[in-house]
Amino acid sequence: MCHAFINDSRFYQLLMRMDQDIAAEVRAGGCSCGGVLHSARYPRKPRGIRSHLDESYATRLSFCCAVEGCRRRSTPPSVRFLGRKVYLGALVILVTALEHGLSPKRRQWLIETLDIWPQTLARWRKWWRETFVASRLWQAQRSNFMPPLNPTQLPGAVLGRLGGHDLQQRLCHLLVFLMPLSSTSCPGYVKVVIDPQKM
Ligand SMILES: [Zn+2]
């Protein structure tokens, strides 16, 4: 599997554009009270690949209702930030998916390049095998994969089943698939277009 794009800032710019499109859709929908949404970004400090990230990665897009007395927070789903994890969702998927197929040397290189602690890796594996498989998202979607996926092979197994002409595109599809897990204030469906021309 070719994963050179994890060291390419264009990949992270593409994910940022996808997040901007998602956020624009959420903002256009307004608050559930009918109020207008104002920008109220959260500071974020993603770890591991700082040199490839521009300043847009220092914040997570979020909105706050402008109506006094409501002020409800709407944080759009994200293909960049997987919930509260300090590493980007793309890395959480890739590193855990690649783990089985990598030589010990290659694995060590990836762990050092991304500055990931062995304990962090263990936590991610646990997240896929326990938290993810128990999520409403997976419970609702797993029957769409035929033949059934082996939960111990996640996330590599699902990555292999998604469309896309290369690993980068399949990864984008998986990030979109995981979007409902990235936000608790806007768990609803948001349409995302992945434009291969922009990759
Ligand atoms: Zn409101």
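Reply:
**A serine and its surroundings**

Ser182 lies in the segment after α7 (167-178). Helices (H or I, at least four residues) and strands (E, at least two) are DSSP runs, numbered from the N terminus. This is a predicted model: local features need pLDDT of at least 70, side-chain atom pairs count only at pLDDT 80 or more, and totals for chains, interfaces and linings use all residues. Residues are numbered from 1 along each chain as its sequence is written, and side-chain values use heavy atoms, leaving out hydrogens and water.

Is Ser182 buried or exposed? Ser182 is buried, because its relative accessible area is 4% (buried means under 20%, exposed over 50%, partly exposed in between; 1.4 Å probe, protein chains only). A polar atom of the Ser182 side chain lies 2.6 Å from the backbone oxygen of Met179. That is a polar contact (N or O atoms within 3.5 Å; within protein, one must be able to donate a hydrogen and the other to accept it, and residues adjacent in sequence count only if both atoms are side-chain atoms).

Next, the aromatic rings. Phe177 belongs to one aromatic cluster with Trp127, Trp128, Phe132, Trp138 and Phe145. Rings of Phe, Tyr and Trp (its six-membered ring) pair if their centres lie within 6.5 Å; planes under 30 degrees apart count as stacked, over 60 as edge-to-face and the rest as tilted. The structure holds 11 aromatic pairs. One of them joins Trp127 and Trp128 edge-to-face, 4.9 Å centre to centre, with 80 degrees between the planes. Both Trp127 and Trp128 are buried.

Now the charges. Side chains of opposite charge can pair when their charged atoms come close. There are 5 salt bridges in the structure (a side-chain nitrogen of Lys or Arg within 4 Å of a carboxyl oxygen of Asp or Glu). One joins Lys126 to Glu130, at 3.0 Å from N to O. These two are 4 residues apart in helix α4 (residues 118-134), so about one helical turn separates them. Lys126 is partly exposed at 46%, and Glu130 is partly exposed at 45%.

Another salt bridge ties Arg80 to Asp19, with the closest N and O atoms 2.8 Å apart. It links distant parts of the chain: Arg80 sits in the loop between β5 (73-74) and α2 (89-98), Asp19 in helix α1 (residues 9-29), 61 residues away. Arg80 is buried at 1%, and Asp19 is buried at 4%. Arg80 also lies over the face of Tyr57, 4.6 Å from the ring centre (NZ of Lys or CZ of Arg within 6 Å of the ring centre and within 35 degrees of the ring normal). Arg73 lies over the face of Tyr42, at 4.2 Å.

Arg71 and Glu68 meet in a further salt bridge, 2.9 Å from N to O. Arg71 is partly exposed at 40%, whereas Glu68 is exposed at 65%.

Last, the metal. Which residues hold the zinc ion? The SG atoms of Cys31, Cys33, Cys65 and Cys70 coordinate it at 2.2 to 2.3 Å (donors are N, O and S atoms within 2.8 Å of the metal, or 3.2 Å for Na, K and Ca; water is not among the atoms, so sites may look incomplete). Angles of 105 to 113 degrees among the 4 donor atoms make the zinc site tetrahedral (four donors, all angles between 85 and 135 degrees). Their spacing in sequence is C-x1-C-x31-C-x4-C. Cys31 is buried at 5%, while Cys33 is partly exposed at 45%.

Conventions:
Four donors count as tetrahedral if all angles lie between 85 and 135 degrees; four count as square planar and six as octahedral if opposite donors are over 155 degrees apart and all others between 65 and 115; anything else is irregular.
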